[in-house]
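Visitor: I would like a close look at a single part of this protein. Please keep to what the model shows.

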Amino acid sequence: DRDPENTMSSKQVYNTRYRYKAKMRASMSEMQHLFKHLGDNKYFFKCRSLVDVGGEYLQDRFFAHPRSVSLLNSFPTVLLMDSTYKTNKYNMPLFEIVGFTSTKRTYNVGFAWLTNEKEDNFIWALQQLRPLVRNECSLPKVILTDRDTALMNVVAQVFPTSAALVCRVHVEKNVGSKIKELVKVRQGEEVKEGIVWENLEKAFMHLLTSDTIDVYGDRLMEFRELCKKWPRLLRYIEETVLDTDKEKVVHAWVDKHMHMGNYTTNRVECAHGVLKKFLTDSSEEHRYRDVKLYSLLAFKVSRAALDYIYQEAKRVDNVGMDCKKCGCLMRVNYGLPCACLIAKKLRHNQPIRLDEVYNHWKKLCFNNEEGGGDVQDDYSCTAEWEAIKERLKTSDEGMKNEIRDQLRLIAYPESTSLKSPVQDAKSKGAKKKKAASKASLPQASSSTVSKAPVIGNFTPTLSQIVELDHMPKCMHPFIEDIVDVESDGFCGFRAIALATKNNEEEFGFVRLNMQWEMTLNRSMYVNMFDGEDRWKYIYDALFPPPRQRTSLRKTVAPKDKWFTFPDMGHIVATILDRVVVQLSKHGFGACEIFFPLHGYPPPNPSSMVICLGALPNHYVLVKLKEGCPIPKTNAQWKRHASEHTKAWETYFMDRQKQFEELMSIERGDVSTVGVGSKDNPMNFDVIT
């Protein structure tokens, strides 16, 4: 259009592009061409399909660039998620996940094209994301989403240890639209109507930014008084925001988490744009030189962190060393020194230490993240390959063809027979005009084979000899370590916290997440526990016991607050999305395995095992060798687990069979005794 001598039309350009793409694709289908590009560029990609009349069709697909995986493992603290539209000719929503680095640069973690924006689709997408985090202790601290109810619900299921927050802008926009819909004035007073709308929106924003619970209570009373003339509006706001999501959007609760200043999903919504060039004004470089406060931080933390600390230091004159005036939000929300700490440093002429800065800000090169780079040179699957060859020798013709087809898909992803989606996806966004198709990048899963058990030597200490004696003898060669925890009645919860967070003192969060799971799925657990009474007993057991103010001794939990199998085994397995094993000596307690009650199994669940050893009135954490025998499945799980969750058990059947064979030999040498007794309240399998 800008060149008057150019006679080419846009239609000719489109036609030429189409012919070029068709030539590049040659005889391959769209899906084969796509999978080939993903494989050639070393993308992590997976997909799931839907079998219908006419063949197997693509349902959902997830993909992540290898560079993105490295970035995720370096900067996993805060993730932001949102869906966008008009990216492909099948109208499939593009679910996008982003994070940000220590220099405040946004990076893409991964993408997923989904046929629907329902809980099942989001659960699948997040389950593909979770294994990309190589270290379980480095899972995101905060995950921020819009007000999509389905997405909000599943974040807590797949990432139970992460704080799920809601975008404040989305909440304000929804309430603003409802104000304009429900607040009306008499005809001719349109100017007054606009002022009323503005005042209501400002009052609501004022309510969301309440910095303490007491301030929130006062402002809520003021807001209710302001909305007295419009009860429908007040009821809508309370039922959809304040009663359900205030912990996810109001500052008084949100600022308890390390969100690093992210109150909205603006980062993910702007991820497709060009990032602003980072200004490196030379005059600013000198403000950190020769200043003792920053002397230990130079070249060891990012410029963004130094800028945050510099701005926080300006508050010192008003705050001083008073923690109450400071509020310490910089430390809680960003992991950086707050004003009152900086004041103490300045008073004593001391520098800020590196250990006072959260790790997120100290990572200046993401290639050196813990767990290795993009490719591990020492990675080997020789044992698995030998197992496959042995399987081929003993399998019938049908099984041999099945194994060959699976291996062919791994080696040649472009040979897939998967077809494009059967119909347009139904997205939640507003109706949009049809747009030209854009290139898309999904991901195919690679099959995994369980590793054979590696039997090594475990040399127990004197105390561990006693603990080992309470484990089945046949399991001794498969135990790598036994870790004791404090014997204060919370030992079961402490062992779980030690296994998941590497810190037994965080057992309170385990109990809190268990309460939340029991509340969210109350009807399921009431049915499993055979009534409200047992449900209430377990639920009340998760509340901390009252503190004894007259005593200086540490609180010891009474028996009704102890961790108990099998009931709590189901809950822990579900909130952690892991396999929980109870291991005990034959004749003392049960040996059982507990799987999650809902949710799909991850790609390689065989390594996601937490084992608790049951001693008399005490639990210890037992570290098992990967691929070792494990006990039978708890009978209640088989009756109450959702259908798609039952796939968990298929990954462990061979190992369970091996355990039963070993135990049958051991039981022949041990006299038969009851499984539990009133003296051992940790096992309720046989107590009536």
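Which residues are buried in helix α24 (residues 532-541)?

Guide: The model is a predicted one. In α24, which spans residues 532-541, the buried residues are Trp-535, Ile-538, Tyr-539 and Ala-541. These residues lie on the same side of α24, because the arc they cover around the axis is only 160 degrees. An α-helix has 3.6 residues a turn, so residues three or four places apart point the same way.

Next, the nonpolar cores. The largest nonpolar core has 67 residues, and the members that touch the most others are Phe-493, Met-514 and Phe-563. Leaving aside residues up to four places away in sequence, Phe-493 is in contact with Phe-507, Val-510, Arg-511, Met-514, Leu-542, Lys-561, Trp-562, Phe-563 and Met-568. Another core, of 37 residues, lies apart from the largest one and has Ala-163, Met-260, Ala-305 and Leu-336 among its members. In soluble globular proteins, nonpolar side chains tend to be buried together.

Elsewhere in the model is a sheet. Its 7 strands form an open sheet of mixed pairing, in the order β1-β2-β5-β4-β3-β6-β7. At the edges are β1 (44-52) and β7 (163-166), each pairing on one side only. From one strand to the next, the twist averages 20 degrees. Strands β1 and β2 (residues 55-64) run antiparallel and are joined by 9 bridges. Cys-47 has Arg-61 in β2 as its bridge partner.

Terms used:
Residues numbered from 1 in each chain as written. Predicted model: local features only at pLDDT ≥ 70, side-chain atom pairs only at ≥ 80, totals over all residues. Heavy atoms only, no water. Buried < 20%, exposed > 50% of the residue type's maximum accessible area, 1.4 Å probe, protein only. Helix = DSSP H or I, 4+ residues; strand = E, 2+ residues; numbered from the N terminus. Arc of directions from axis to C-beta. Core = buried A, V, L, I, M, F, W, Y, C linked by side-chain atoms within 4.5 Å. Contact = heavy atoms within 4.5 Å. Pairing = 2+ DSSP bridges. Axes fitted to C-alpha atoms, helices over the stretch in contact; angles between N-to-C directions.
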